[in-house]
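Reader: I am new to this structure. Please take me through the terms and what backs them.

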Amino acid sequence: MASAAITADAAPDKGAALAAQVKAGEAIYARCLACHALAYDRTGPRHCGLFGRRAGSVKGFNYSDAMKHSNIVWNEKTLNLFLSNPIKTVPGTTMTYAGVASEKERSDLISYLKQANTSPECKK
């Protein structure tokens with residue numbers, strides 16, 4: 001019986017921790033806004049619908065050949081790798097950003113992007 005109480009008490013803590021991670025990720029995403037937006041293309045492609053999408057596949061966006069032929073499908077693992085060093089991960093990409101060195105910051109950013117995908121902005 002005690003373990004059920006611990007599990008019930010742990011659930012709100014997990015939710016609060018995820019909310020804090022998403023909030024931290026949103027602050028990190030501010031760096032991305034120089035080139036990207038959630039719902040529309042800028043210098044870089046939109047991020048709504050990112051998870052499960054093949055890299056280089058947003059219709060109408062002018063990707064580098066390197067990105068179009070990278071065979072990446074975006075998920076937590078591939079996004080983490082790419083964000084750590086975009087130029088090394090996809091040589092020839094036109095994304096010249098050096099990447100997010102901090103593993104925690106990448107994790108926070110990915111949590112934000114996952115949550116944002118279900119936001120009203122991405123549901124339009």
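Author: What follows sets values against definitions, one term at a time. This is a predicted model, where local features need pLDDT of at least 70, side-chain atom pairs count only at pLDDT 80 or more, and totals for chains, interfaces and linings use all residues. Residues are numbered from 1 along each chain as its sequence is written, and side-chain values use heavy atoms, with hydrogens and water left out.

Reader: What makes up the protein, helices or strands?

Author: The protein has 6 helices and 0 strands. Both are DSSP runs, numbered from the N terminus: helices are H or I with at least four residues, strands E with at least two.

Reader: Why is the pair of tyrosine 29 and tyrosine 112 called tilted?

Author: Rings of Phe, Tyr and Trp (its six-membered ring) pair if their centres lie within 6.5 Å; planes under 30 degrees apart are stacked, over 60 edge-to-face, the rest tilted. By this rule there are 3 aromatic pairs. Tyrosine 29 and tyrosine 112 lie 5.2 Å centre to centre, with 45° between the planes, so the pair is tilted. Tyrosine 29 sits in helix α1 (residues 2-32) and tyrosine 112 in helix α5 (residues 103-116), 83 residues apart.

Reader: What makes the pair of phenylalanine 61 and tyrosine 63 edge-to-face?

Author: Their planes are 65° apart and their centres 4.8 Å apart, so the pair counts as edge-to-face.

Reader: How do you know that the span of α5 agrees with its number of residues?

Author: The expected span is 1.5 Å times one less than the number of residues. For the 14 residues of α5 that gives 20 Å, and the end C-alpha atoms are 20 Å apart, so the two agree.

Reader: Which residues does leucine 113 contact, leaving aside neighbours within four places in sequence?

Author: Leucine 113 is in contact with Tyr29, Leu38, His47, Leu50, Phe51 and Leu79. Contact means heavy atoms within 4.5 Å.
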